[in-house]
Amino acid sequence: MENNSRRDFLKKSSLAAAGFYIVPRHVLGGKGFIAPSDKLNIAAIGCGGKGWSDILGAYDSGRNNIAALCDIDDRQMKQSVEKFPLAKKYKDFRIMLEKEKDNIDAVTVSTPDHTHYVSAMAAMSLGKHVYVQKPLAHNIYEVRKMTEAAVQQRVVTQMGNQGSSGDGVRRMMEWYKAGLIGEVSRVHVWTNRPVWPQGIAKPTAKVEVPKEVDWDLWLGPAPWEDYQPGYHPFNWRGWVNYGTGSLGDMACHMMDPPYRVLGLGYPSEVECSIANTAWTEPFKEGYFPESYPAASMIHLKFPRKGKSDVKMTWYDGGLMPERPDEIPADVKLGDWSGGVLLLGTKGVMMCGVYGSNPTLWGNDSLKAKGEKLPITIERVVGADGAGHYQQWLQACRDGYGKHKPLSSSFDYSGPMSEAVLMGNLAIRSYFFRSPKKDKQWLQEFDYNGRKKLLWDGKEMRITNFDEANQFVKREYREGWKL
């Protein structure tokens, strides 16, 4: 009895002590107080342009610390340095990660596409959570390896296609699941990009590298070539060594709604046509394989188990699909940046960029049914894209395997990015040429890659035109192999 009383006393004393010392944070620090233990220490690779907005998104109005900043161009870093003067500053992300690996929890990657892979993989190899701009990487092989690494390294990941956290795509999912437009087997996706030069010859002028720029680091794993202001800081998107063209800029935003709504996976085939054929003189076609085309159409087919295949066509450079009969002639298709059409057996769904302003078109009662349909999918909290960052940040705090599902973690955005980059594989194959046996008519070359390409998604291989497989991955410059 005496021992039992002693145990009860000790138990009650411990509870009382715990109740005395553990005080709610808002009492200690006031309303809105964030304990230091709740703050993430974040490093940013790429600070200009989109990098700046990614840094602000990760900072989350002071909820987290921006611990380190990295950019190859001091001019691009200036705004971030002024905002976060206590952050350590670097030009080489490899040095930053080595020196700061014990001081950071997560990393944002907002560099040109050709350095996404080396930056993100280096961070993940250290167990750091990553937020990577779209598309995930420069080619299909890199995307696949990043998707696998996220699981192997047990890190929280998010791709920067913020519309995937928006209400619009979730409303479209609800409409489709409710069967409002019936079964969908045809999709059209388009954008007004490029809004930078494409389909042009490489620049050859000798230009001095700005003193603020480390050009060797900017090139990273890409082949060496001299600095050109037409590559950095913005127009890199149009060049195959660095960017991923109109597809890389916008398709991860525009293709996300149909990809998510219809539950798509790897495509089984791809075919393209392009408007890159500028005639340099009568009957002589321009040949600019180093630059993406000024406009293109990409046709993808997605097989679905137990359902009809989905055929999706991508248009860029101002090209657009035919207006469905269900949409009146005076209604604008999509928005300024582009749009999406899902053609169903009972009606049509349309939205703008990021899945914004989704609408239903068909019989008179279809819109009313859509408006009355209850919300069944949880929405991501956070206006103007902030929720996409906040979702990732909270998942980083919760830890891998303990967090709620994210909108665009690599298990989803990886396969989608691969589908996007299939378009570029087709474009680059379109340029592939071999000498003609008969050179008497027009061109001296046959373009053997101008065909439908059949794709084995699991094996990452074109099965009917082996020459196209050289574009699945790329060779790295000496010193840049991971």
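Which residues make a nonpolar surface patch of about 360 Å²? The answer is Val195, Phe234 and Trp336. Keep in mind that this is a predicted model, where local features need pLDDT of at least 70, side-chain atom pairs count only at pLDDT 80 or more, and totals for chains, interfaces and linings use all residues. Residues are numbered from 1 along each chain as its sequence is written, and side-chain values use heavy atoms, with hydrogens and water left out.

**The chain overall**
- The protein chain has 14 helices and 19 strands; helices (H or I, at least four residues) and strands (E, at least two) are DSSP runs, numbered from the N terminus.
- Of its 482 residues, 52% are buried, where buried means under 20% relative accessible area, exposed over 50%, and partly exposed in between (1.4 Å probe, protein chains only).
- Among contacts (heavy atoms within 4.5 Å) with a separation of 6 or more, 70% are between residues 24 or more positions apart.

**The surface patch**
- Patches take residues with over 30% relative accessible area and no salt bridge, joining like charges within 9 Å and nonpolar side chains (Val, Leu, Ile, Met, Phe, Trp, Tyr) within 5 Å.
- A salt bridge here is a side-chain nitrogen of Lys or Arg within 4 Å of a carboxyl oxygen of Asp or Glu, and accessible areas come from the Shrake-Rupley method with a 1.4 Å probe, counting only the protein chains shown as cover for residues.
- Phe234, one of the patch residues, sits in the loop between α9 (215-219) and α10 (245-254) and is partly exposed, at 43% relative accessible area.

**The cores**
- A nonpolar core is a set of buried Ala, Val, Leu, Ile, Met, Phe, Trp, Tyr and Cys residues joined through side-chain atoms within 4.5 Å.
- The largest one has 100 residues, and those touching the most other members are Val107, Met124, Met146, Leu262, Leu342, Met349 and Leu425.
- Helix α14 (residues 410-430) gives this core its largest share, 11 residues.
- There's also a second, separate core of 20 residues, including Phe84, Leu393, Ala395 and Leu406.
- Beyond its neighbours within four places in sequence, Val107 contacts residues including Ala43, Ile45, Leu97, Tyr131 and Trp392.

- α6 is mostly covered, with 9 of its 10 residues buried; just after α6, Gly127 has a positive phi of about 80°.
- Buried residues of α7 include Ile140, Val143 and Met146, and its buried set packs against α6 (116-125), β5 (129-132), β6 (157-159), α14 and β18 (453-456).
- Ile55, in helix α3 (residues 50-59), is buried at 1% relative accessible area.
- Ile55 and Ser80 are 25 residues apart in sequence, with their C-alpha atoms 8.0 Å apart in space.

- Most residues other than glycine have a negative phi, and most peptide bonds are trans.
- The Lys134 to Pro135 peptide bond is cis, with omega near -20°, and Pro135 lies in the loop between β5 and α7.
- Arg193 and Pro194 are also joined by a cis peptide bond, with omega about 10°.
- Ser61, not a glycine, has a positive phi of about 55° and counts as exposed at 75% relative accessibility.
- Asn357 has a positive phi near 50° and counts as exposed at 63% relative accessibility.
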